[in-house]
Each structure stands twice: as C-alpha cells, then as structure tokens.
Amino acid sequence: MTTTTSPDAARPAGATTSTGPAAPAPWSALVNAALLGTERRLPPVAVRPGQGAAAALLDAAAVSTVRRRAALRPAPAGERPAPAPADPRPVLPPAARRRLALLLADRGGSGGGSRRGTAPDLTELLPQWLAAANGHGYRAPEALLPALLDAARARTDLRPAALALAGPRALWLARLNDAWKFVLRGSGGPAEPSAAADPGRVRRLWEEGLFAERVALLTALRRRDPREGLELLVTTWATERAEDRLLFLDSLRDTLAATDEPFLEQALSDRSRNVRATAAELLSTLPGSALAARMARRAHAHVSADRSADPAVIVVEAPHECDAGMQRDGVAPKPPSGRGERSWWLGQLVEAAPLEGWCERFAGRTPAAIVALPVADDWRTELHDAWCRAAVRQRNAEWARALLGAPAAPAQDAEVAPAGSSRDLTKLLTVLPADERARWVAEFIAAHGLSDAFRMLGVCAVPWAEPLGRSVVDALDIARDAGSYPWSFSGVMGLAERCLDPAAADRLDMLTAVTDEPEGASPGSGGYWSEAFQRLVGTLRLRATMRDELAPPSGDPDGRSAR
Amino acid sequence: MVRRSVGDMNPLGERWTTDQVLALAPDEASRRAGGKLAAPGPWSGTGADDGAVWGLCRGSGKKPYQAVVDIKGPAFRCSCPSRKFPCKHALGLLLLWAGDAGAVAGGEPPPQWAGEWLAGRRERAGGPGGAAAGSGAASRAPADPAAAERRAERRMRRIGAGATELEQRLTDLLQSGLASADRAGGGGSWDETAARMVDAQAPGLATRVRELGSVVASGPDWPARLLEECALLHLLGRGFLGIEGLPAPLAATVRSRVGLTTEAAELLAGPDAATVRDRWLVLAQQDSDDGTLTTRRIHLRGERTGRMALHLSFGGAHRPLDLALPPGLVLDADLAFYPGARPLRAALGERYAPAVPGPVPPGCGIDAALAAYGDALRDDPWLESWPVVLADVTPIPGRDGEGWQLADADGESALPLDPRCLGRSGPWQLAAISGGAPVTVFGACGHRGFLPLTVWDPAPVSL
C-alpha cells in the first residue's frame, strides 16, 4: 500500500465491532504482537471480559485495518511526463483499426504444426498491411502502440514500417519503457521532422537528439539539399562513434551527390575499416568520381581484347600485387580462404570500375556483345561474376539484362550460374525495372519450374504483375498433377499468398476442389493441395478486404469490392 | 401496456459492430481463432434474418460445422466439439457478418437445422417471464415451504459451526504467532481449513481462507497483510455468529459474504422485488477463468441515478455465459440490486431498448475517489475496492515498471496503480492513449491502489 495514511486519522472507521475507549495501539504494534503470538506476550489491546487475548487482538486489528483503509490519503503526484508531440496524421478507419488489432494479436500464433490448414497466416500479412497503411499516411491507434512496439521488438523486419506508422508518440512512449529502447536507436522514425525547417532547432536536435531522430533529420535535410545535410554531418563527424559513423555514411546512399566526393575521399582514411570500405563503395557508384576513374584505370590494365584473334577474345592478366593505393581505395588485400589472391584482387577492381568504361575499352561494343565475347584461360566465370556485382552496385540495367541473358534459354543453369560462380541472379534482377523483372521471372518459371525461383519471386513487385502470377499458379498446378505434396512448395505457396494479385482469387477458386489423384501420386496429396489452394484463395480475399478497409472513409461504403 | 421484445424495436435487425462481436470472445485465443475464420473461404450456406445468423464452416472433419447465432440473446449453437463459448465458428460467423455487408446474404429463411433451434428459443422467450436475464433458472416455488425452512435452518447451523471452528483456528494462530504460519509452511493447512468451510456450506469463508495461504508467500510485509486478512475474516465470522443483532442491510452483507446467495429470479420477480430503471452505461466487461468456471464481471453506471452496479455471470463447460456487453453501450433496463449495506451486485431485468453507443461518463478526481472508497467501507468493511470513474487524470509511468500513478491534471493528488496490473500491457496502453494529457479512466479504487479497467480514447478501450 503506497498511499499514505494520515497518522492520526480522526475519521470514524465505521467498523462494526467496538473496542474499549482507550486510544488504539499503532498498527505496527499490533503486527509485532501478532507475529510474536499472544502466548508469549500480552498484546497492547483491551481485552473484554470472557474474551481471549487473541480474539481481542483480532478485534483491534480489524478496527485498525478498516480505519486505515477508510482514511487513505492521496499520494503526492510524481513528475508528470512531458506531453507527447502532436501527430497530425489521420486515424485509421474503424475496420482497419480492428484488423490491425487482430494482426497484432496473432503474433507467432501459428508456429509449430507442419500442416497449415486452410486459414490465412495473419502474421505474414502484417508487413504489407503496415506498408499499405503508411502509404495512406495514417497514424497508428494509440491503444495499439504497446502491441505494435512489442511486435517490432520481436521482428526486426517490421521495425521501419511499424515505427513509421507509430510515429512520434511511439518515440515518446519508448523513452518510458526500457523494453522498447530499440526505438530510440533504430532508424525509420518520422520521415520528415518539422524541425528541418528551422536552423536553430536543426542544430539543437542534431546535437542533443536520439540517434533515430538524428538519422531522420539528416535524411530529411539530404532530401531537400544534399549539401546542407552533409554540412551538418561534418560538424560532428570527428566525434561520432565508429558504428554511428558507419550508419550515417550508409544513410547517404540514397541521396548521393557529386558534392559528397571530397568528404568521401577523406573518409577513405577513416580510423574504422568498415567506414573506409563503405566510403570506397559509395565513391565507386558516384559517376565521374576520382576513385571510379582510378579503379577503371586499374581494371582496364588487367582486362583487354586480343585483337589479333578472330573473333575477338578477352584476355585477363590478374594483378600481381595489392599496393597501398589499391588498399586505400577499398580493395581488401586478404582473400577469404579457398580463393587465390590474384583473382580476388581482380574481382574487386572490376566490381568497382564503372561499367560504361568497358564499352569504350572493347571498341564500342554493347554490353550484350561484350558478355558474348569468349574469355581466354578460364577467366570467364571470374570476370562475369565481377561484372554482375558491378551491375548490382551501379544499378546498371543494361548490363544486368546482358548478364542475365534469356531466361528460357536451354542449359540456363550452366550458362548463368556455372560451377564455382558466386553469382547472385536475384540481386541482378533487382536492377531491372519492375515489369521487366516480373516478365523475366515468369519466363524462367515457365521454362525451369519453381524449384530455383523462390528468391527471385521474393524480389518481384507486389502484387505480382501478369504474366508472372499466372505462371506461378500454372507451375503449382503442374506440381499438383505431378503428384507431389504441397509442402514441398510451401515457400512459394506462402509467397503466392502474400504476393499474388487479389483479383486472381476468383480464377483460382476452381483449383480448391479436391481432384482425383493422378497415377503414382503421393497418397492423400489431392486433399492437401485442395487445402493449400483454399488457403491461397482465402488469403487473397482477406488481402482484398484488408486493402479496402484501409481506403479513406470519404468514398461510398457500398462501392467496396471485397469479394 | 404492450410489452415489446428487443427485436421488435428494430425491425431491420441490428447489425453489430466488429467490436461488439470481439467482446463476446471468451479469451484472446478464441478472438484470434475467430478472426481467422472471418473470411468467406471456409464458409458456405451462410444467411441472416433480422434476429439470427447461420452458416456452415468447413473444419478438419468431413462434415462442416453448423453454426447459428440468435443475436437477440445473444445465444449460440455450433455442432463443433469445442468447450469454448461462443466457439471460434460462431465468432468467425459473426465477424464475417459484422465486417462486410455483402458477406452474409439476407432474406432467405434459415435452413431446417438452424430454424428448429431458433424457433425453440423464440418460443421459450415468448413464454411467461422469459425475458428475465435469460437465465435458465426460473423461479420455482419450493414444493414444501416448511421443509425449505428446515433446510435453511440446518444450513445456518452448519455455517455457524464452521464459523466457530474458523474462529478457533484464527485465535490459535494469533496465540502461537503469525511467524509460526510461515514455519508451518502455512499453505497446506489453510487449504485444509478451506475444505472444512466448504463442508460447512460456507463457500465465501472458504475462498477467503484459501487466499490466506497465498498471503504468506506474497513477499515482504506479509505479516501485516496476513494480520489484516485474518482480522477481516474474524470480523466476518463474528458478524455471522452475531447476525441476529445486526441491522438488516449489514446482515445481508454478512450473509452474502459468507456465501449465502440470493436467486436472481427472486430479486426480479419475488414478493420484495424492487428494480431500478435507468440508462445503464457499460463501463467494463472482464472475464476471469479459474480453470473450471469463467466469471464475467460487467460494471454499469446509471445515467440518471449515478449508481454503480456490477453484473456477474458464470460460465462453465456446460453452462455458457449468457450476457455480453462491450464497454460503451447504454442499456435502458431494470436492475435489481442484491441486498446489502452497500449494494453493488445487481441482476439484469427487463431491457426496454436495444443497447446503443453511449457517452464518455462523468468522473471525479483523486480525492473524491478515495473518499468514495472510504465511504463505502463504512457500510461494508470487507470491501477491497469501490468502482470509480476518474476524470481528467494523467498516468505517470513508474521507473522500472513500478510505482505507476494516476494524478489529477490540476493539483498534487495522485493514486498509485494497483501492483497487480503492472505486469500487463494495460498501464502502457493507458500511457499511450494519454500521451501525457489527462484522460477519463474507470477502475476499482481500493486499498491496494487503483486498478484501471477502461480508458476513453474517446471510445472505450479495455485495459
């Protein structure tokens, strides 16, 4: 009991027993007497005739208890928290608010069982619900903030979207609860702090703010004017911790500008190795940077066309040393175990050299023509792998297209991912425009089936554009006809639930029927496939409902097309 | 005067809100499971008329489950074997119906399996006294009044013997000292005494005795808490043994605290029935489950009278909870208060209109809340707390999860939050909704502090 009791509460307690007229003993004396026992010492209470000491003690304790409870006084108020900043974003429509509560309540509920039944997996739908709600510019309902923060704490993949929806009040709340400390460190806070407009506040926030607030501020400033943001960063750069320097540097990536070059060049001699490497990586993606030119010069010295041969052949002469200049420009001298150091150095040079330079180097050939050139002495895999990494780093769609080749080509495996290659087709795909990417994956699936397509599907824009959706469904249908169990495809199935266009639900309905199992099928597979397709259709319908629930309430309520 | 049933007041049939449906769920797991079934996927043959919703839900078995809900009760039936009530199928069906106007078609008559059950229910409801609280326990007049009186006397004697035995047990404890309760590993012997009280047909005493066992293990300061509880138990025992000399209201309080119950039907329809009609605002609805029995506590506040009321209902494996009232609804209805020196518990009688959303209730400050509890204690010294609506209070989060307070927005008075709520998410929801600004909170103000149950945002949020 933390409320204070006035020591000599004169209020009548109203207890129904009566004690003697003597002044009542203090409560602590009664407790001591009770602990000790009335056999050992007479309690400090009046004993009525015919009554035992123990009963008299109980009488007195009852009176005292009720008296103290009835005389509770307010406690002095502690320090009130500062009011949370206002969040002007609109509240969620009621249906969407309930949906969020359901999605959050389902956290980690369905784990364990191998069979997933026909009900949609709500946990997996939370990320896209959050993205859609953020797209509409809503704020999270205050009552759900604790659950939202708990969910974000458990799942780092949810954090940026969850914190964006939660907004400034979550930051306010997290300061009060140690369990939510991650909010104060993480990025993805309010994207456009109003402070960015006022130089005085900018300075104060930058110097005193939480890391999350500082990153958000830097990002906002950079969006407006990269130079202004960089100037702010430079003021405290020397005193930042190494891990913060790395994260700040990383946050420049999306807004990189030519004016950043001197700063990044300087960062090439940073105390931290990770900071140096990141600075070099950023510089190599900056068109026309001195580092890019140096790397091109180095790379071109080791890769050339043998003009005497017909047709032309690319000849590679890997570097013999990794000199101080290369190391300063971000080339790691020590290869991972199992790799020769010369090819390791070569790979890094080619990766950091601007891809445009190769067209000039090879007599104005297009990327596709260069990729088609034979390469002497087994250097082909090494060289093409490095070009793939360069295409990803430099976001060069033309090169990515050339390196990916035709998805349906026979022996595609041997062609694009030969033995010993570390090539990542999925990363390469991310460089292509969304519609082209979806088309490429669709053709790939049509030609090669689903077994290697899982990661590729993961980078396709949601909802899947046609013909991608259709080719995934067709491939699943083929897998069913082949008689395997659906859980061999549970990864793709799960993706399809989350990524297929909800409009496909009606077309898919026919697949939910239990079909006759084909000859030689795994026993019972027909029923399981039917169940899996039911879940797919159910999830698609649910996604359509969820999407409609998020629509701003201004529209006509009957125009919803949940079915 | 023609009595009209609730359904007649709304010929089009009320479509519930999803919140109303979710409030029916017996627990969080059912809420979740029901939410998953709230999609058209597993459902077929769904339909609704102005008083019922029905449908077939594909489950793991061959035959789909038949779920039907009488929304006027509400009452539920489902062919699934679940012990939860309502089961996830009934919840899913209601969510589907409430969430999407097109998902459950109206206009068709119910299929036979649903129609029979609904017709049976409506017939019973139309019968005499059928509207009374929907509890199956109709007021049956005792066959032989003299025998009933003998039975009652016998029970009073047995309880008296139990109370005397308990007195002895308590004075023995105080003679040898509370320290011995700790040494003797108290719990077991208290359970034994509690069993004796059950034998003596005094369940109220039994419950209190059982709690004594846990007090010993309740951390520092347990001797003070044990002495408090022993003293109040002693007060109750003495009160019962001297019940003849007590004023009638206090005697009624003692009777009910010992465990002698009054039939709700008798309160509503008996010879001494006195009901209070008001527009009752639902302040909170909470369920607790001790493994065999679910207790649903619905707190109400009369708009006109300002009176607080508490409706209790009990559910078990074969006895579903029959009333669901989400916070925020207003109910024009009769309540009959159970007798006592400080009446709070009430039975629900005639309902005059469908429940409608109500306003944020008016409330008081910290000082007045404590005074209300103190005042209530004058009538009923065994009260742990008294229900209070606090207006304009600011939650002050404590450090390290302890020491939370609710403070008057103006002034220096504050109430600590009841430590029992601190491990849960309630206080954080309270803080999140407040954002440092004053809010209206309903809860129980007692000697352990304030136990928040509902906060207005301005829609009520259960904590």
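1. In strand β13(B), Ser413(B) is the bridge partner of Pro76(A). Strands are DSSP runs of E of at least two residues, helices are runs of H or I of at least four, and both are numbered from the N terminus. Two strands count as paired if DSSP finds at least two bridges between them.

2. The model is predicted: local features need pLDDT of at least 70, side-chain atom pairs count only at pLDDT 80 or more, and totals for chains, interfaces and linings use all residues. Residues are numbered from 1 along each chain as its sequence is written, while chains are lettered from A and ligands numbered from 1 in the order in which they are written.

3. The interface between the chains brings 66 residues of chain B into contact with 67 residues of chain A, a contact being two C-beta atoms, placed from the backbone, within 7 Å. On the side of chain B that touches chain A, helix α9 of chain B (residues 222-241) gives the most, with eleven residues. By class, that side has 32 nonpolar, 21 polar and 13 charged residues. Here Ala, Val, Leu, Ile, Met, Phe, Trp, Tyr, Cys and Pro count as nonpolar, Asp, Glu, Lys and Arg as charged, and the others, Gly among them, as polar.

4. The largest nonpolar core has 193 residues, of which Leu57(A), Leu58(A), Leu148(A), Val53(B), Leu94(B) and Leu227(B) touch the most other members. Helix α2 of chain A (residues 53-70) supplies the largest share of this core, eleven residues. Apart from this core lies another, of 77 residues, among them Leu264(A), Val275(A), Ala280(A) and Val331(A). A nonpolar core is a set of buried Ala, Val, Leu, Ile, Met, Phe, Trp, Tyr and Cys residues joined through C-beta atoms within 7 Å. A residue is buried if 20 or more other C-beta atoms, placed from the backbone, lie within 10 Å of its own, exposed if 12 or fewer, and partly exposed in between.

5. Not counting residues up to four places away in sequence, Leu58(A) touches Leu170(B), Leu174(B), Cys230(B), Ala231(B) and His234(B).

6. Chain B has 13 helices and 16 strands, and buried residues make up 45% of its 463 residues. Among contacts in chain B with a separation of 6 or more, 62% come from residues 24 or more positions apart.

7. An open antiparallel sheet in chain B has four strands in the order β1-β2-β3-β4. Strands β1(B) (43-48) and β4(B) (75-78) stand at its edges with a single partner strand each, so one side of each has no neighbour in the sheet. From one strand to the next, the twist averages 10°. Four bridges pair β1(B) with β2(B) (residues 52-57), and Trp43(B) stands opposite Cys57(B).

8. Strand β14(B) (residues 439-446) is largely enclosed by the rest of the structure, because seven of its eight residues are buried. Strand β11(B) (residues 385-396) runs antiparallel to β14(B) and is joined to it by seven bridges, with Cys445(B) as the partner of Trp386(B). Six bridges link β14(B), again antiparallel, to β15(B) (residues 449-456), where Pro452(B) is the partner of Gly443(B). The hairpin from β14(B) to β15(B) passes through two residues.

Definitions and conventions: Axes fitted to C-alpha atoms, helices over the stretch in contact; angles between N-to-C directions.
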